[in-house]
Every structure is written in C-alpha cells, then in structure tokens.
Amino acid sequence: MFLNPVFKEAVWGGSRLKEQFGYDIPGSHTGECWAISAHENGDCEVAEGEYKGMRLSELWAAHPELFGNEDGRLGDRFPLLIKIIDARDDLSIQVHPDNTYATAHENGSLGKTECWYIADCEPGASIVIGHHAKDEAELKEMVEQGLWSRLIREVPVHKGDFFQINPGCIHAIKGGTVILETQQSSDVTYRVYDYDRKWNGELRKLHVKESLDVIKAPFVPAQDQRKSLQTEGAHIEHLETCHFYTVEKYEVHGQWQHKFTEGFANVSVLEGEGTADGIPVKKGSHFIVPAGHGICRFTGNMTLIASWVPAGETEETADNSVSIRVLDWLGRTKAFAQDAEEAVLAFEDVYEEGDTIRFHFPEREKFYTVRADDAMDESLVYMTEKELTYDIPFHEKKFSYNPKCFTGKRHYLTCRRAADYETGAYRNLAKNVMDQHGDRGCYPHASANVETRGESVFAARNAIDGVAATLSHGSWPYESWGINRRDDAELLLEFGRPVDVDRIRLWTRADFPHDNWWVRATLTFSDGTAEIVEMEKSEKAHSFSVVRKGITWVRLSELIKADDPSPFPALTQIEVYGTEGHKL
C-alpha cells in the first residue's frame, strides 16, 4: 500500500529531498518528508489501489484488519510516523516528552520516542545527543545561563549510523545531515535553544519550562542493540526494539523472501531499486505491508528500512505440554503449537538463515516421536532434556539433507508422546533422522573424532539418518561418515539408556573405484566387551549377530582398510537392532 508523502518547510531545511530522492518539494527550505503518517498535521493519502484517495487515518479507523488492530491493541490512532529529514542547517536543541507528560500537558497527544538512521551526511558532520550536566540542578543552571557549549554532548556521525532517542534525551540534528526517522505518531517538540533564529520574520517559540520538566539528568545513552546476519539474499540488521517499534535494515542483493509476522510493517527504500511483490520500487518509495499479507518477495539491489509495532507477549510454553516453536535469528516466535499429548504445527512462512525449531517435552527420560519437516521421516527419540533446539540447515549444512527439506512456504511439524507399541517394538535402535552435532539430550546420537574436512556430507550424524544409498558420495542421498584418511577414526553411537541388541548392520560406502572399504573393524560396547567383525567389498549391508544386554553405547573403531589404491573408505549407515533394555 503506497502513500503520497507530505512535505514540511523549515528554517533549517534544504533541497536534498528533491536532489537525492526525486520528490516534488514545495521549496528550497523543505526540511521534512512525512512519508508514512496519519498524524493530523500531516495525514498521508493512499496513492493507488482499492483505497486510493483515503487518508491513512481514515483507513486506520475503517479497516483495522489491514493493520492487525481488530482487538484495538495498537490504539485508536496509527501509532508510527516515518520521516526523511534534510537538515541543511542545524535544528534547534530540543527534547520530547513521554506519553504520560504529553497526555497531561498536550491535549492527550502521544509522547515522542524516536530513532535516527543516518541516510547521508557531509564529511565531519555531527549531531547533538545528550548533555554533560551531572544532575537536574546543574542542568537548570546551565540552561538558564545559556552555557550551551558546556552543556550539549556532540558526537560525530557517518552514513549508516543509528541512534535511539528516548523521551527526556536532549538532542539536535545538525546541518549537512539526512536522516530517516522512525517515531511515535506525535508532533510534540520542546525547543530549549534555537540560536535566536527567525522564521517568517519572528523568533521561533521556545519551551524552556517544559524542557526542564522532561529532560533527564544525568544523561544515560540508549543501549546499542545493533545485530546483523548475512544471508544469501540480504544482509539483515536489527537496529532497535523498544515498546513502540522495531526497526530493521535490509540490504537486498538479488532475490529475498521475508514474512513480516507482527501485524503491519512500514517499508522505506533508501538506496537502489528493485521490486516488492513484482511492483517496481526505487529510492524514496514508501509503502505499508498490511497485516496478514504473507510472504513478501523482494528483488533487486536496494537498502530498505522497515518498522513495525512489536507484538505483545507470545504464548508461553506450558511446562506439562508438548510444544513446537519456530524462532527467527533473534529468538522471535514465527509459529507455535502445543498440546498435552500431541502438537501439530502447520504454518505458512519461509525459513530464513538463523531460524530454529524449539521442541518442548513435558518429561525427561521419556520417548517422543518428532517430525522436524514434512520431507523427513519421523524420529522416535529418547529425551534426557525437556528442550531441544533444532537448527535449520542452510548452505553447506543443507547438503546432507533431502533438498526438499525446509523449503517452500508451507510447513508441517509434529511432536507427540511415543506410544507403547512404538517403544516396545523390535527395531533399528540407531536411527535418528534429526541427530545434530553436540550433546543435546536427544538419543540416539552419533559423534566421531574426525569428520572429513568438517563438511556436513561427511558428518557422523549421516550414519544414523536412515538413508542407505551407497553407490556414490557427496550430497544427499549419498551422505556418509567420512574419516579424512585417519587410521584412528572412531564413531560413537550413544543410546541414552540401556538397550538390548542382537544384530548390527554396517553399510560401507561403495562408490568404486573412488572408494576403499574396510575388511575389519572392532565394535566395543559400554559393558566393556568387544567384537571384531570382518567385511568385504560390497554395496550391501554387512550383517553381524551380536547379542548384548543393557548397553548404553557402541563404538566403531580400529578400522582396517582393504589393500586397494583408493584411500577413501566411509560408512553410509550403522543399524543396531533390538529392543529396550532387558526385553529381548
């Protein structure tokens, strides 16, 4: 939903909104572009589509479903205001009130929390943010005596810098700076000092009493929240989350898909050009992604700044429930389901780098059946912890998975308590398609003292994923455990509890002549016993009758290669058949 901006002239404004963004500005002292605003002093008009010609404030009132405000949680007015500010000269030294003060003293107005992204600036540019007064008494004295050079705290700025300006923080944008400002929908500003400038022939009004009421002393800088993540399609940077807004920056390079999950989102294009869901956008474009819009597809090379109102408290996980929660790279919930016995999570979104799935289990040392993706088998796992974090694989880590896994827009995950008939059955006790590196309290679990070049297609977990394709090597379905030519290579398979076994099958990789094979190996068990097994060149499983009761792990070691020119033996699968401890 694209909007027509509103422009404001000011004594300190310039012409860069036309020169850099191509806007049709009213004059050479244009200071502000109110790009997304429903404030009464600058109410933007919808530029096109079904709601063309409506003011944003009207749309907010008439169609709360477009903004995720059916329940009124976001208030009776559009909560945010997005500006681009061109400061040819210095703005006044000023401060903004919080909601409490503004409501009481400014006819019910919102307060003004804001933040600045430095879109451009001249060499040597600076801003004012904060002050040097040690307490309110010194602050009052320095203001009344006009000791501005001693009072104000000036800091240098560069393109790409970001600052959070909380209510009570004295501040000023200085000349030579262009910023994108995200703020509460408020036009309340208290000027402390304005350099004795005139506008339209008159000195601009100061608000010294109100300023002293709200300036906080001593000054405490806002905490830096910037975090970044490089993905294949975009460089993502979280800039700020406070009670009133979240602001993020996206540098799109090529194609990138993203779903804004927390109601509506404001999006501004600061650099470059491309498309948003097939609609051409360029530097200076601003639009609102409505609530429930779904997945946005961005293409091109461009820098976006997006903002939205953070959601309220997410549904908490009940300790006695089975639950599935999908989280983004900052730990924000993308999808969630829970139930006393069986959680089923079906949702529409795209997985992005840094996403994880968090499974919660009501009891430790119990069996659960888990499906992490609709393209993967269910896993019957024994959990010694109540939480399991599953990392969504990307790039090289994805090569050992079915390429259909974790793709597309629709996803289906399940988690339930395992039934007695499942846990009591004679089965392959080694299989766990969702095994991962590290001890995560999820069994069975495979680990090794070496994995070829640290690559996912040669990880120990591949040997228990249930895929027994032996005739090639590399990406799925030919992933394997690779030993990097090490004679001392060992694989440890842990069950996490006692099991009784009677048969072990080893599938050695058979991509001949690339591969070698083992002619002998040792199986060592947790009870201190060992078996030496012999193998031959084969694409099929080597099967061994090995009866052990109450073991908790088995180690495969002392691997002896065949007399063959190839240096590359590998293990495709280890299968261990039996039942739960003492039930054979």
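Mentor: Start with K366, which stands opposite M383 in β30. The two strands there are β29 (residues 366-371) and β30 (residues 379-383), which run antiparallel and are joined by five bridges. Strands here are DSSP runs of E with at least two residues, helices are runs of H or I with at least four, and both are numbered from the N terminus. Two strands count as paired if DSSP finds at least two bridges between them. The model is predicted, so local features need pLDDT of at least 70 and side-chain atom pairs pLDDT 80 or more, while totals for chains, interfaces and linings use all residues. Residues are numbered from 1 along each chain as its sequence is written, and side-chain values use heavy atoms, with hydrogens and water left out.

β29 and β30 sit within an open sheet of five strands, in the order β27-β32-β29-β30-β34, with antiparallel pairing. Its edge strands, β27 (342-348) and β34 (442-443), each pair on one side only. Strands of a sheet pair through backbone hydrogen bonds, either parallel or antiparallel.

Four bridges join it to β35 (residues 445-448), where A446 has L493 as its bridge partner. With β40 (residues 542-561), β37 pairs over ten bridges, again antiparallel, and L491 stands opposite L556 in β40. With β41 (residues 570-580) the antiparallel pairing runs over nine bridges; the bridge partner of V499 in β41 is E580.

Now the packing. A nonpolar core is a set of buried Ala, Val, Leu, Ile, Met, Phe, Trp, Tyr and Cys residues joined through side-chain atoms within 4.5 Å. Buried means under 20% relative accessible area, exposed over 50%, and partly exposed in between, with a 1.4 Å probe and protein chains only. The largest such core has 38 residues, and F67, F78, I84 and I288 make the most contacts inside it. Among the elements giving two or more residues to this core are α2 (56-62), β7 (80-87) and β14 (177-184). A second, separate core of 32 residues includes I483, L493, I504 and L523.

β14 also holds Q184. Q184 is buried, at a relative accessible area of 3%. Its side chain makes a polar contact with the side chain of N99 at 3.0 Å, and a polar atom of that Q184 side chain lies 3.5 Å from the backbone nitrogen of K112. A polar contact is a pair of N or O atoms within 3.5 Å; within protein, one must be able to donate a hydrogen and the other to accept it, and residues adjacent in sequence count only if both atoms are side-chain atoms.

Lastly, the rings. The whole structure has 25 aromatic pairs, meaning rings of Phe, Tyr and Trp (its six-membered ring) with centres within 6.5 Å; planes under 30 degrees apart are stacked, over 60 edge-to-face, and the rest tilted. W256 and F298 are stacked, at 5.7 Å centre to centre and 25 degrees between the planes. W256 lies in β20 (residues 246-259) and F298 in β24 (residues 295-308), so this pair ties together parts 42 residues apart in sequence. W256 counts as buried at 5% relative accessibility, as does F298 at 1%.
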